[in-house]
Amino acid sequence: MARNTGRDARGEQFVVAIDQGTTSSRCIVFDVHSTIIAVAQKEHEQIFPQPGWVEHDASEIWMNVQDVVQDALAEAKLDAADIASIGITNQRETTVVWDRATGKPVFNAIVWQDTRTADLVRTLGAPVGPERFRERTGLPLATYFSGPKLLWLLENVDGLRDRAEREEVFFGTMDTWLIWNLTGGVDGGRHVTDVTNASRTILMNLHSLSWDETILERMNIPASVLPEIASSSEVYGVATGALAGVPVAGALGDQHAALVGQTAFEEGDLKSTYGTGAFLLLNSGERPVSSQHGLLSTVAFKFGEAPAHYALEGSIAVSGSLVQWFRDQLGAIAKASDIEALAASVDDNGGCYFVPAFSGLFAPHWRSDARGVIAGLTGYVTKAHIARAILEASAWQTREIVDAMAADTGIELQELRVDGGMTANRLLLQILADALDVDVVRPTVVETTALGAAYAAGLAVGFWPDLDALRANWEVDETWHPVVDARRRASEFHQWKKAVSRTMDWVD
C-alpha cells in the first residue's frame, strides 16, 4: 500500500525506526539507500528491587520514545509529512501490563533477564519438566519468556487477576506498548503484536501462529488481555503526536529485526548480534526445526500475507552487559570502549576464563541454577587478562551455539555476519574469527536491528518494492580472518567448557 505524502526539500522520503532496547530507546531515520540520516538516543533507568529481579518503568520508556522521535526529526530537519512509515523493534520478552482506561502500567515492566519466575516455571512444567510446551511453542519453559512473567503479575499484583477477568487491562511486550501508545493510546490505540514477539511469550502456537488455548488454560491466563497477532510488515494503525498521520507499519523483536537488517532471507542464512546480550539466528525456512541441542525454535519474520519464515536461535544473556559490569561495578575502565585497548595489551587471557552466568545460562545449557565464575585465577593474572577473558566469553558462547546449530541442521557455518554495538570492538571480532575458525563480516550499516524494523515498515507501504531492493543495499565494511592454529583453538575451548561446568548447581 503506497502512501502519498509531502516530501522534504531534497525530494526524498524517509522511514523512521524506533529501537526500544534493554538500556535505551533510539530513533533512527533511514533513506531509501539504508543510509542513516539522523539518530537520537536516551537511556532509561535499570531497576533492581532484589537479586535476580530486573524492572523498567514503561511510562519512562514511552516518554523517552517520544523525545527521541522529536530529536531525530529535528536533527534531520524533517516533519511527519516527510516520513513514509514507522517501524518498531524492541527488547522482546520484557512484559508490561497496563490499564486500558488510563493507559498507566499496573506494575513496572519485568525485563527479559529477570529470574523471579523460577519457582513458577518449575510448577508449570510439572510433571513433564521444561519441555512441556516445546512441541507447541518451540520453547522450553524458562524464566526468559513473557508468559510466566504475565502469570507472575496476575498472581502477585493485588486485584490484577480480577481486573484481567473484567477486561480492564492489556498485556504486551514493548512493541505492543509502543504501538498502542503511538496509535492513540486510550483514544483508540491498536492492541497488537507481531508474530516474532508473540513467538517469545510461550503462549503462541508456533504452527498456527495464534494464541494456544491449551497453554492459556494451563497457565490460567485470560485471552482477553492478549493482543491481536499480526504479521511483521503491515499497517497496524496511524500515528498521533509528532508523527501524526504516518502509518505504523512494521514490528519485529530485536533479534528478528537484525536478521532482516542483515538481509538473511534465505534458509541457512545466519547472523549474530552483540549488544546487552548476544543472539544468533539461523533462518530455517518455512517450517520450524525442533532443536535437540538446546536451541529455540522461533518465527524469523512474516511479511504481509507471505508465509512465515522460522529460525533456530541461540540466546546469550550476558555479552555487552559484561563490559558494563566491568566498568560500573568494578570501576576497572572509565568507558566501555576502553576494554579493547586494555585487552589488547596482553597476548592471551593468562589462563583465566570468565563465564558470566549472572542470571543463569541460556542456550545451549538452559541452567537457571548457574551463576558467574572467573576460573583459572593465579597471581599472574591482571585486569588486562580479565578484560581479554570478558571479550572471549562472548566468542566461546557463540562457538557453543554455532556447534549446536550445526548438530541440529547439518549446516556448517561458512561466515558469520555480525552487528550490534559491540562490533565497534575490532579485537572482539578477531577473537570471534579465531574461536569459530571462519571469517567474521561486519556490514557497512551495523545498526541492523533498527534497519530491519525500517525494512519491514518500508515494505508494507511500498517504500522498498521487494526483498531484492533490500539485498542491494547490503555492503561489507570489513572482514576478519582466523589466525589461531587448530591446537590452540581446541585447547582454549576445552578450558572454556571446564569453566562452564563450574557455574552449575550454585543456586539450590
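This is a predicted model: local features need pLDDT of at least 70, side-chain atom pairs count only at pLDDT 80 or more; totals for chains, interfaces and linings use all residues.

Trainee: How many helices and strands does the protein have?
Mentor: Helices (H or I, at least four residues) and strands (E, at least two) are DSSP runs, numbered from the N terminus. On that basis the protein has 16 helices and 23 strands.

Trainee: Why is the protein called as compact as a globular protein of that length?
Mentor: The radius of gyration is taken over C-alpha atoms, and the globule rule is 2.2 Å times the number of residues to the power 0.38. For 508 residues that rule gives 23 Å. The protein is as compact as a globular protein of that length because its own radius is close to that, at 22 Å.

Trainee: What does the C-alpha trace span along its principal axes?
Mentor: The spans are taken along the principal axes of the protein. They come to about 65 × 55 × 45 Å.

Trainee: What percentage of the residues is buried?
Mentor: Buried means under 20% relative accessible area, exposed over 50%, partly exposed in between (1.4 Å probe, protein chains only). Of the 508 residues, the buried share is 62%.

Trainee: What share of the contacts joins residues 24 or more positions apart?
Mentor: Contact means heavy atoms within 4.5 Å. The count takes contacts with a separation of 6 or more. Residues 24 or more positions apart account for 72%.

Trainee: How many side chains are positive and negative, and what separates the centres of the two sets?
Mentor: Lys and Arg count as positive and Asp and Glu as negative; His and the chain ends are not counted. Each charge is placed at NZ of Lys, CZ of Arg, CG of Asp or CD of Glu. There are 41 positive and 67 negative side chains, and their centres lie 4 Å apart.

Trainee: Is helix α9 enclosed or open?
Mentor: α9 covers residues 254-261. Its buried residues include D254, H256 and L259. Eight of the eight residues are buried, so α9 is largely enclosed by the rest of the structure.

Trainee: Which residues of β15 are buried on each side?
Mentor: In a regular strand the side chains alternate between the two faces of the sheet. β15 spans residues 270-274, and five of its five residues are buried. One side holds L270, S272 and Y274, and the other K271 and T273.

Trainee: Which strand runs parallel to β15?
Mentor: Two strands pair if DSSP finds at least two bridges between them. With β16 (residues 278-285), β15 pairs in the antiparallel sense over five bridges, and three residues lie between them in a hairpin. L270 stands opposite L282 there. The parallel partner, joined by three bridges, is β21.

Trainee: In the hairpin of β2 and β3, which turn residue has a positive phi?
Mentor: β2 (residues 24-30) and β3 (residues 36-43) pair in the antiparallel sense over seven bridges. I28 has V39 as its bridge partner. Five residues lie between the strands, and the one with a positive phi of about 70° is S34.

Trainee: Which residues does Q397 touch, apart from those up to four places away in sequence?
Mentor: Q397 belongs to helix α12 (residues 383-409). Q397 is buried, with a relative accessible area of 9%. Its contacts are I316, V318, P356 and W496.

Trainee: Where does P364, joined to A363 by a cis peptide bond, lie?
Mentor: The bond between A363 and P364 has an omega of about -5°. Another cis bond joins A126 and P127, with omega about 0°. P364 lies in the loop between β19 (353-355) and β20 (373-375).

Trainee: Is E167 buried or partly exposed?
Mentor: E167 is in the loop between α5 (160-165) and β8 (169-172). Its phi is positive, about 60°, although it is not a glycine. At 46% relative accessibility, E167 counts as partly exposed.

Methods:
Residues are numbered from 1 along each chain as its sequence is written. Side-chain values use heavy atoms; hydrogens and water are left out.
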